[in-house]
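Reader: I would like to go through this model with you, asking about one part at a time.

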Amino acid sequence: MVIRRVLAPRINFGALRRELGLPEGFPDAAQREADEAAAAPPATGVDRTDVPFVTIDPAASRDLDQAMHLARRPGGGYRVRYAIADVAAHVRPGGALEEETWRRGQTVYLPDGNVPLHPHTLSEGAASLLPDVDRAAVVWTIDLDADGATTGVALERARVRSRAKLDYEGVQAAADAERLPEPVALLPEIGALLTARGLRRGAVNLPLPEQDVEPDGDGWRLVLRGPVPMEDHNAQISLLTGMAAADIMLAGRIGLLRTMPPPKPEAVARLRAAAAPLGVPWPDGVGVGEVLAGLDASQPRAAAFVDQAAELMRGAAYTAFDGELPEQPEHGGVAAAYAHVTAPLRRLADRYATEVCLALHEERPVPDWARAALPKLPEVMAVTDRTAGAATRGAIELAEAVLLEHRVGEVFEAAVLDVDAPPNGQSKPGRPPGGTVALDAPPVRARCTGELPLGERIQVRLVTADPTQRKVVFERA
């Protein structure tokens, strides 16, 4: 659901692209390999074109990694089929295209166009699970019991054909009207079961609104959206698959996990201490994830609590292993071992982790090209994660500064999300007290100086809006 949408004038994101060193195109040899792969017939595999898969993505997306089909099993429980684009079927090991994907690491999204991991002939063409065309895929079949517990996992290379390209808002509207199409009619039911299981495990999900910059005619709009339930249910299928992949790799003693330390007890204690002043109920015996799941993050005090909870989610990394198991294999946010395997069009690591899973499931040796890649992937992904994060933040900061540059001196209403809290209780020399505020309109989040009451609404005055530095600063009015 769109919470707030404000029009911004024309913005040139070119300086941000240059600052981050983002490539403008693919080398000729890499592009040629992609075009040749796109022109080739779909890779052979088990014929699963009879399964009526559908995709669920943002409406404008064309790089479609996943398609699903959900069904009840005779005798009870569920069968989840999840088709993932088989990128390895299109990228030759040791070729120019593979080399270029290692330089990029992942797709970087900017408002004026993405910087793709693979050329568009593949990422938005022959490898994408677009509707009504045969595509190469790796199909995960995961059986669940009536409570959502996994009872069986299989995967295979297959040829699939998606029946429809669905989007989140349309699927949510269909769910609200109880008219979901058959392939995903069970998604609310299965998603709710998986969410409940995750909360019982100790999983933590931050219900943060998503801030984005979108084109709007000759200008742009700054948008703040809250997650819709169907988006969360859809994410549960990806998490389910990632946990199944992690289990396969841990059992085979080789693979690549997405890891994060569990929240430190002292951090949880600090968060619990912040709950009461913010009016957030936290009964004894209730986990962090359950507390967060019950909050309405559109309310300022709840939003401030969620912002504080983000401090628990630190240290995410990729962990490769071959022989000796990782000392800490779990992802603290998932509260289980977890791997990235569901977005190979957009993330380099997924292609190799998927190949490891296929080999282990089929009880054959892991291909040398995949095994050799594992120890090098964590550093590549860490670097490109930082680049992608900087691009997202930079685009939003630029849009905010452009939107506000002619409104310096105006007063706005804002919610205080965070306040400076140095470990020794004293601010840095020369740095005035302050924190982070979120404006109601336009949907801007920025630094504010002054003594700020956490979780309260206050009046703030805009003192800086500099598009060149991508900097916005307020002061308490």
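Reader: Which residue in the turn of the hairpin formed by strand 4 and strand 5 has a positive phi?

Author: This is a predicted model, in which local features need pLDDT of at least 70 and side-chain atom pairs count only at pLDDT 80 or more, while totals for chains, interfaces and linings use all residues. Residues are numbered from 1 along each chain as its sequence is written, and side-chain values use heavy atoms, with hydrogens and water left out. Strand 4 (residues 66-72) and strand 5 (residues 78-85) pair in the antiparallel sense over seven bridges, where pairing requires that DSSP finds at least two bridges between two strands. Five residues lie between the two strands, and the one in the turn with a positive phi, of about 90 degrees, is G75.

Reader: How many of the seven residues of strand 4 are buried?

Author: Buried means under 20% relative accessible area, computed with a 1.4 Å probe on protein chains only. Strand 4 is largely enclosed by the rest of the structure, because its buried residues number six of the seven.

Reader: Is helix 11 roughly parallel or roughly antiparallel to helix 13?

Author: Helix 11 (348-361) and helix 13 (377-404) pack with their axes 10 Å apart and at an angle of about 150 degrees, the axes being lines fitted to C-alpha atoms over the stretch in contact and the angles running from 0 to 180 degrees between N-to-C directions. Since angles over 145 degrees count as roughly antiparallel and those under 35 as roughly parallel, helix 11 is, relative to helix 13, roughly antiparallel.

Methods
Contact means heavy atoms within 4.5 Å. Helices (H or I, at least four residues) and strands (E, at least two) are DSSP runs, numbered from the N terminus. Angles under 35 degrees count as roughly parallel, over 145 as roughly antiparallel, 65 to 115 as roughly perpendicular and the rest as oblique. Buried means under 20% relative accessible area, exposed over 50%, partly exposed in between (1.4 Å probe, protein chains only).
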